[in-house]
Amino acid sequence: MIEKNENPVTEAAPVAEAAAPAPKADEVLRVEHLKKYFPIATDFFGRPTAFLRAVDDISFTLERGKTIGIVGESGCGKTTLGRTILKLHEITGGEIYFEGTNITNLGRSAMKKYRTSMQLIFQDPYSSLSPRMTVGNIIGEAVRQHKIVPKDEVHDYVLDIMQKCGLRPQFYDRYPHEFSGGQRQRICIARALAVKPKLVICDEPVSALDVSIQAQIINLLKELQNKMGLTYIFISHDLSVVKYITDRIMVMYLGNMMEMGDTERIFANPLHPYTVALFSAVPVPDPDVKMNRIILEGDIPSPANPPSGCKFHTRCSKCMGVCAAKAPRYVEVEADHFVACHLYDGEIMEHPDDYDLSPLTVADAAEGAGEDNE
Ligand code: SF4
């Protein structure tokens, strides 16, 4: 349903009123009920009347030196989530704590002090580098601006970062167009790391690169993480890469979290029907293992007009009557393994008299959702 006459921008609690929960030791980031809605229609007076819910109630924590992978199909909201955490988008609701400080409503100047601590590595190394600047200047620009090291040490400092990122010193005076895709991504990584960040959001950092170069960049990111104690949010649709580099995974669908937990545990035992379908496409490097790929039926619904109840119910092969009517709770099924699905919610499954647990076919569910949204 399109939400009408709602002003979600007011939902965020003012900083002064928000009592910061005590951060766990080594907690770098805490995201609580984060929302980002984009207005898509306005009334006569220009007031928003309908919203696209790109990020809808996301919560997680991230410890120092760890990596969380955000996965899901295109359009699930993972990139918007990354940018909202960096406050490149205005936050609609929820809260963000960086090293225990609530940064949700900090203004531009107050955010300055956190800007260098939180960096973004873009998907496209071709367009994210200025063609008119040399590599040395690209990497050194923010170092000078934020006075990361004394002025007379910038040159040597940049050379040191370049060396850490596998870039030769003679590249210092060269321009981006002289480099391959992999080398340009190394320049992007060097630029992000030069300001000594604590949190790096890697938004599909290897998807524009050849497979052999992808492995080099992923290994470089891992190596730098170990050396510099970096914390990553790794956004990707490539599950093989995510499996290799992350400690935890969050699976997103239409702006919602579907499943979250330890990477090994989720790959060994995916529970949410969406995760099971998504992971069934990951190639297994064993010719004796038969792949049982699950093809999801139907198109991804529009986040401007998501299905009622469980947002996945129009494509779920395990759909029940209750799924179309009631949004699932987020249940911890085992230690640090959370799932948003009625199938794992005892409150629902143990009360068949109270909830409609009869199976609903994908076709029926899609038809019902269409009628609901008319
Ligand atoms: S809540 Fe229902 S529709 Fe949603 S994933 Fe679980 S079984 Fe499928």
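This is a predicted model: local features need pLDDT of at least 70, side-chain atom pairs count only at pLDDT 80 or more; totals for chains, interfaces and linings use all residues.
**Pro306**

I then looked up where Pro306 sits, and found it in the loop between α9 (273-279) and α10 (321-325).

Next I listed what Pro306 touches, leaving aside neighbours within four places in sequence. I noted contacts with Arg53, Leu254, Pro301 and Lys311. For Arg53 I also looked up the separation from Pro306: 253 residues in sequence, but 8.6 Å in space, C-alpha to C-alpha.

**The ligand**

Which residues are closest to the ligand? I noted Cys310, His313, Cys316, Cys323 and Cys341 as the closest, out of 14 residues that surround the ligand. I sorted this shell by class and got ten nonpolar residues, three polar and one charged.

**Helix α4**

I moved to helix α4, residues 154-164, and asked which of its residues are buried. They are Val158, Ile161 and Met162. I then looked down the axis of α4: the buried residues fall within an arc of 100 degrees, so they line one face of the helix. An α-helix has 3.6 residues a turn, so residues three or four places apart point the same way.

For the other side of α4, I noted Asp156 and Gln163 as exposed. What do the buried residues of α4 pack against? I found two partners, α3 (135-145) and α5 (181-193). After α4 comes Gly166, and I recorded its phi as positive, near 75 degrees.

**The whole protein**

Last, I looked at the protein as a whole. I counted twelve helices and twelve strands. The radius of gyration is 22 Å, close to the 21 Å that the globule rule gives for 374 residues, so I put the protein down as being as compact as a globular protein of that length. Along the principal axes, I noted that the C-alpha trace spans about 75 × 60 × 40 Å.

Terms used: Residues are numbered from 1 along each chain as its sequence is written. Helices (H or I, at least four residues) and strands (E, at least two) are DSSP runs, numbered from the N terminus. The radius of gyration is taken over C-alpha atoms; the globule rule is 2.2 Å times the number of residues to the power 0.38. A residue is buried if 20 or more other C-beta atoms lie within 10 Å of its own, exposed if 12 or fewer, and partly exposed in between; C-beta atoms are placed from the backbone. The arc is that of the directions from the helix axis to the C-beta atoms. Two residues are in contact if their C-beta atoms, placed from the backbone, lie within 7 Å. A residue is near a molecule or strand if its C-beta atom, placed from the backbone, lies within 6 Å of it. Ala, Val, Leu, Ile, Met, Phe, Trp, Tyr, Cys and Pro count as nonpolar, Asp, Glu, Lys and Arg as charged, and the others, Gly among them, as polar.
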